[in-house]
Amino acid sequence: MGAAGYAAAKELAGEPEPAAAPQPAEEPDDDVSTWEGVRRQFALEPGRAHLTSFLLASHPASVRRAIEEHRKGLDANPRDYLNEHELPLEEEVLAAAAEYLGAAPEEIALTDSTTMGLGLLYGGLRLGEGQEIVTTEHDFYATHEALRFRAERSGALVRRVRLYDEPETASEDGIVAAIVGALRASTRCLALTWVHSSTGVKLPLRAIADAVAGANDGRDERDRVLVCVDGVHGFGVEDVAVAELGCDFFSSGCHKWLYGPRGTGVLWGREEAWGEVAPTIPTFDGRSYLAWIEGRAPADTPPGAAMTPGGFQSFEHRWALADAFAFHGRIGRSRVAERTSALAGQLKEGLAAVDRVRLKTPVAEALSAGLVCLEVDGMDPREVVGLLDARGVVASVTPYATQYVRLGPSIVNTPAEIDEVVGAISGLPR
Ligand SMILES: Cc1ncc(COP(=O)(O)O)c(C=O)c1O
């Protein structure tokens, strides 16, 4: 019997109404000047150290409030709320994203996730006869699968290169050399991930982009290597404007480290690079729509809007993305970066002193961000995560062929929690 049937049966039996659901804890004030204040913005289950924001974010209070406000408006009158608010709210979201990325709003497509952005990008990239895509062995499922689909559909050649053998000893020079060594005259696209969720290694994107720029010297516009990045584990962590990293395209979900609404993301492309990608899903942008009504090709839809998949959306989440960027901005980009780096550093230092632990993520800040991967000698990572769970530590296992225990300290954590995590790991049974 489904839920409706259950409710009907209860009514017939004359059962009393259940007690009212517990009221949510009092709404916090907006003060994020202290880390305690930041932590109060989250409704995370207390008494546990939550170190998996890199999977899916908990919404901070201001994002929850914005979602609720838009939801109420849409529930009351979907047509009117949409007509009145869609344009200004979408503009607000794009302006906030543009400021954060250091880019122009016209260059940004709004997506549901990193994965959606990568699918649109790799599915729509224009490749000439015989041109290939180079990716790496360390990339996530979403990149590898989007490229496999692309290869199956169009026969495009996709090659994978290895950037390091053991992640903990990866080096900037080694990574850049492996990439440069992999480029051929036929390489049109370099598909990379900023921070590898398989190992925690952060790629030196700026150095890679500079090296690729050297390789692009003298190439025709249509033969340039385009640097395309899954940036999700640096987005909302690193203190750098994405547009300054030197890449051509950058896809990121906003529902991890940025603590944006679940089901939101951005795909940014350099203005000139956008000409190399064709849309897959029709946009609902008014300029394209009007052109269709008038029976002409859309001429004035900016590339980001043209690449923003249409169909009506879960608008309450999309529009609350502006509040997530505002939340991040109120805390301060550099404060977030310093805090994340300090907590990850504390965790790595603590773990380095535990005999049975082998850290897989580099210690150097230049080659790591917030993710910390490790092995515990003689233990299966899943067993470790299960035991940590029982000790109040929420961790995860890397979803890759080689599995590690993975922790992601972030702005919701405290140094005391990190000490507890180290204690929990060092106290694991032998
Ligand atoms: C590197 C990487 N990219 C993308 C994703 C998926 O992110 P999204 O939900 O934004 O598609 C993950 C993990 O969830 C990941 O580790």
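Predicted model: local features only at pLDDT ≥ 70, side-chain atom pairs only at ≥ 80, totals over all residues.
Okay, some housekeeping. Local features here need pLDDT of at least 70, side-chain atom pairs count only at pLDDT 80 or more, and totals for chains, interfaces and linings use all residues. Numbering runs from 1 along each chain as its sequence is written, and side-chain values use heavy atoms, with hydrogens and water left out.

Let's start with the ligand. Which residues are around the ligand? You'll find Ser113, Thr114, Thr115, Phe140, Thr193, Ser197, Asp230, Val232, His233, Gly253, His255 and Lys256 there, where being near means having a heavy atom within 4 Å of the ligand. By class, that shell is two nonpolar, eight polar and two charged residues. For the classes, Ala, Val, Leu, Ile, Met, Phe, Trp, Tyr, Cys and Pro are nonpolar, Asp, Glu, Lys and Arg are charged, and the others, Gly among them, are polar.

Now the polar contacts, meaning pairs of N or O atoms within 3.5 Å; within protein, one must be able to donate a hydrogen and the other to accept it, and residues adjacent in sequence count only if both atoms are side-chain atoms. Thr114 has a polar side-chain atom 2.5 Å from a ligand oxygen. On the Asp230 side chain, an N or O atom sits 2.5 Å from a ligand nitrogen, and for His255 a side-chain N or O atom is 2.9 Å from a ligand oxygen. The ligand taken alone exposes 400 Å², and the protein buries 87% of that (Shrake-Rupley areas, 1.4 Å probe).

On to the inside. The largest nonpolar core has 55 residues; a core is a set of buried Ala, Val, Leu, Ile, Met, Phe, Trp, Tyr and Cys residues joined through side-chain atoms within 4.5 Å. Buried is under 20% relative accessible area, exposed is over 50%, and partly exposed is in between (1.4 Å probe, protein chains only). Ile108, Ile175 and Phe325 are among the members touching the most others. Helix α4, residues 78-101, gives the most to this core, with seven residues. Apart from it lies another core of 27 residues, including Leu359 and Val372.

Last, two single residues. A polar atom of the Thr135 side chain is 2.8 Å from the backbone oxygen of Ala191. Gly214, in helix α8, is at 44%, so it counts as partly exposed. Helices (H or I, at least four residues) and strands (E, at least two) are DSSP runs, numbered from the N terminus.
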